[in-house]
Amino acid sequence: EQKYRSILQSIEDGYYEVELSGNMTFFNDALCSITGYSPDELRGMNYRVYTEPEMAKRMFEIFNRVYRTGDPSKINDYVVMKKDGAKCVVQLSTSLIRDPSGNAVGFRGIARDITERRLARRALEESEEKYRNILQSIEDGYYEVDVKGNFVFFNESMCRILGYSNQELKGMNNRHFMSEETSKTVFQTFNQVYQTGEPSKALGWELIRKDGERRYVETSVSLLLDIKGEPSGFRGIARDITERKRFEKA
């Protein structure tokens with residue numbers, strides 16, 4: 001018993017045991033840190049004290065299901081109201097406690113504080129949304145293609161330059177809207193960037209729109225790397241310079 005008590009007190013995750021009505025009967029120091037209550041305050045406290053009504057209702061339903069089925073359950077976003085009023089998001093597991101006769105007497109589980117992870121994810125989502133909005137608002141076309149030249153991501157300006165809808169352009173290979181001669185030039189540029197890892201700029205690539213009109217773009221190309229640092233494709237900006245080309249020719 002001393003061995004397992006020492007283990008429970010040393011882990012960072014909170015461990016809890018509650019009776020059938022939801023009152024705390026046993027817990028470790030980590031759970032006190034998560035909730036902000038002292039051991040004396042937390043002992044005998046009902047989960048509804050540190051849980052908002054809607055979340056408490058959800059918790060009751062989960063306890064009830066575990067009680068009826070005997071199957072353990074998990075809650076990924078259980079919001080705990082700390083003693084100081086701050087909210088803490090935990091990943092919670094719960095399973096049934098039985099007495100020696102096999103009768104259900106309570107619940108036990110692990111509570112892992114994932115507040116920082118949730119905040120980091122929210123910040124990432126907000127950052128992604130911010131840059132997505134920027135990409136959608138610029139007049140230049142932005143594109144990402146895989147190593148074979150198939151579109152994987154692009155903005156609305158890229159669709160406008162080529163005259164294709166978002167659904168049509170998704171997965172389309174660059175050879176579909178280029179002449180054979182331009183395709184060779186594009187391949188050489190992509191290959192150089194792939195081999196050296198150095199970004200490149202290209203002037204006057206001729207693109208063939210869906211309606212057959214020919215447009216000219218000034219393009220940048222840089223290498224895309226996956227999480228292992230391996231080349232996974234290319235990205236760049238395509239600026240429509242058709243009017244400039246016509247003006248220079250005139």
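The exercises below, each with a worked solution, concern a predicted model.

**Exercise 1.** Determine whether threonine 35 is buried or exposed, and state which polar atoms its side chain approaches.

*Solution.* Begin by placing the residue: threonine 35 belongs to helix α2, which covers residues 29-35. Next, take its relative accessible area, which is 3%; because buried means under 20%, threonine 35 counts as buried. Then turn to the polar atoms: the side chain of threonine 35 reaches the backbone oxygen of cysteine 32 at 3.4 Å, and a polar atom of that side chain lies 3.4 Å from the backbone nitrogen of tyrosine 37. Finally, if residues up to four places away in sequence are not counted, threonine 35 touches Leu42, Val80, Lys82 and Lys83.

**Exercise 2.** Work out in which order the five strands of the open sheet are arranged, and which of them stand at the edges.

*Solution.* First, write down the order, which is β7-β6-β10-β9-β8, with antiparallel pairing. From one strand to the next, the twist averages 30°.

**Exercise 3.** Describe how strands β9 and β10 pair, and which helix lies across them.

*Solution.* Start with the pairing, in which β9 (residues 214-225) and β10 (residues 231-240) run in the antiparallel sense over seven bridges. Within this arrangement, glutamate 218 stands opposite arginine 239 in β10.

Notes:
Residues are numbered from 1 along each chain as its sequence is written. This is a predicted model: local features need pLDDT of at least 70, side-chain atom pairs count only at pLDDT 80 or more; totals for chains, interfaces and linings use all residues. Side-chain values use heavy atoms; hydrogens and water are left out. Helices (H or I, at least four residues) and strands (E, at least two) are DSSP runs, numbered from the N terminus. Buried means under 20% relative accessible area, exposed over 50%, partly exposed in between (1.4 Å probe, protein chains only). A polar contact is a pair of N or O atoms within 3.5 Å; within protein, one must be able to donate a hydrogen and the other to accept it, and residues adjacent in sequence count only if both atoms are side-chain atoms. Contact means heavy atoms within 4.5 Å. Two strands pair if DSSP finds at least two bridges between them. Axes are lines fitted to C-alpha atoms, for helices over the stretch in contact, and angles run from 0 to 180 degrees between N-to-C directions.
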